[in-house]
Amino acid sequence: MPKSVSKLLRAAFLAFAKLVPDHLKYAINNRLRKNKIPYCYLQEGDSVIQVGAPRDILLGGRSRAIHFSMMVGDVGKILIIEPDPESFNALNEFIQKNKISNATTVNTAVWGENTTLEFISNPNHPASNIVKSVDPHRASPASMSITMSARTLDDICEEHSFSSPKMVSVTTNGSEEQALKGMSGLLDGGIKYVALAPPSDHLPDLMANYGYETDALDDRGMTFKKSDV
């Protein structure tokens with residue numbers, strides 16, 4: 001599909017989605033997802049981490065962060081990490097508006113070390129934001145360059161006393177390998193499932209090194225499970 005057509009369809013969908021009440025579009029989408037991987041692995045009371053929560057996906061009713069929050073329920077908990085300030089603010093506004101009580105949000109990027117990163121940011125399509133070193137040619141006419149802080153997931157979880165999650169989902173447009181380097185402590189701690197996006201041919205071998213086997217393609221990328229699960 002030509003990019004111009006895709007852009008128009010995305011804009012039309014978001015315009016329509018904004019007219020649908022949040023509780024309705026998420027209830028419908030959640031029902032469609034609850035029996036699919038990786039969503040079906042979460043139950044009431046579980047803990048889960050979502051890295052990446054862009055505002056266009058959020059407003060469209062497709063945010064993994066919100067669907068995961070619904071699936072673990074009030075007795076569960078979710079840690080949501082989003083580097084883009086506008087998307088982070090939109091996420092917090094959504095959480096407050098919809099009285100979501102089980103979420104902790106953190107405004108930083110996730111990387112293999114604590115550092116600063118340059119992002120190529122598209123305000124019209126924040127789900128396409130990417131670390132510049134991952135793909136320096138991704139920029140479009142609407143893109144801008146922004147600098148953000150980055151931390152390891154192990155350090156973030158320690159700071160927020162978030163231990164023993166059942167699942168970690170990382171949707172970061174190519175930074176998944178770096179995210180894994182920064183969560184070795186969590187992986188050693190026995191996370192059962194790791195969902196990574198986008199899909200890539202090298203991910204199965206990479207995850208095998210951490211003791212995970214390929215489970216399935218999912219709606220964003222690939223889900224892996226601990227080999228002894």
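A residue counts as buried under 20% relative accessible area, as exposed over 50%, and as partly exposed in between. Keep that scale at hand for the first stop of this tour through a predicted model.

**Stop 1: Asn-89**

Select Asn-89, which you will find in helix H5, residues 85-97. Its relative accessible area is 43%, so Asn-89 is partly exposed.

**Stop 2: two packed helices**

Next, show helix H2 (residues 22-33) together with helix H4 (residues 64-72). At what angle do H2 and H4 pack? The angle is about 75°, and the axes are 10 Å apart. That value falls between 65 and 115 degrees, which means H2 is roughly perpendicular to H4. To see the contact itself, display the side chains of Tyr-26, Ala-27, Asn-29, Asn-30 and Arg-33 on H2, then those of Ile-66, His-67, Met-70 and Met-71 on H4. Colour them by class and you will get five nonpolar, three polar and one charged residues.

**Stop 3: an open sheet**

Switch to a cartoon view and pick out the four strands in the order S4-S7-S5-S6, an open sheet with mixed pairing. Which strands stand at the edges? They are S4 (109-110) and S6 (130-131); each has a single partner strand, so one side of each lacks a neighbour in the sheet. Zoom in on S6 and its pairing with S5 (residues 115-121), where two bridges join the strands in the antiparallel sense. Select Ile-120 here and look across to Ile-130 in S6, which stands opposite.

**Stop 4: a hairpin**

Move along to strands S10 (residues 212-217) and S11 (residues 222-226), antiparallel and joined by five bridges. Together S10 and S11 form a hairpin, with four residues between them. For one of the pairs, select Glu-213 and find its bridge partner, Lys-225, in S11.

**Stop 5: the nonpolar cores**

In soluble globular proteins, nonpolar side chains tend to be buried together. The largest nonpolar core here has 26 residues, and the members touching the most others are Ile-49, Ile-81 and Leu-153. Centre the view on Ile-81: leaving aside residues up to four places away in sequence, its contacts include Ile-49, Val-51, Val-106, Val-110, Leu-153 and Ile-156, as well as Gln-50 and Thr-108. Apart from this core lies another, of 21 residues, with Leu-42, Met-71, Leu-91 and Met-167 among them. You have already met Met-71, at the contact of H2 with H4.

Technical notes. Residues numbered from 1 in each chain as written. Predicted model: local features only at pLDDT ≥ 70, side-chain atom pairs only at ≥ 80, totals over all residues. Heavy atoms only, no water. Axes fitted to C-alpha atoms, helices over the stretch in contact; angles between N-to-C directions. Parallel < 35°, antiparallel > 145°, perpendicular 65-115°, else oblique. Contact = heavy atoms within 4.5 Å. Nonpolar A, V, L, I, M, F, W, Y, C, P; charged D, E, K, R; others polar. Pairing = 2+ DSSP bridges. Buried < 20%, exposed > 50% of the residue type's maximum accessible area, 1.4 Å probe, protein only. Core = buried A, V, L, I, M, F, W, Y, C linked by side-chain atoms within 4.5 Å.
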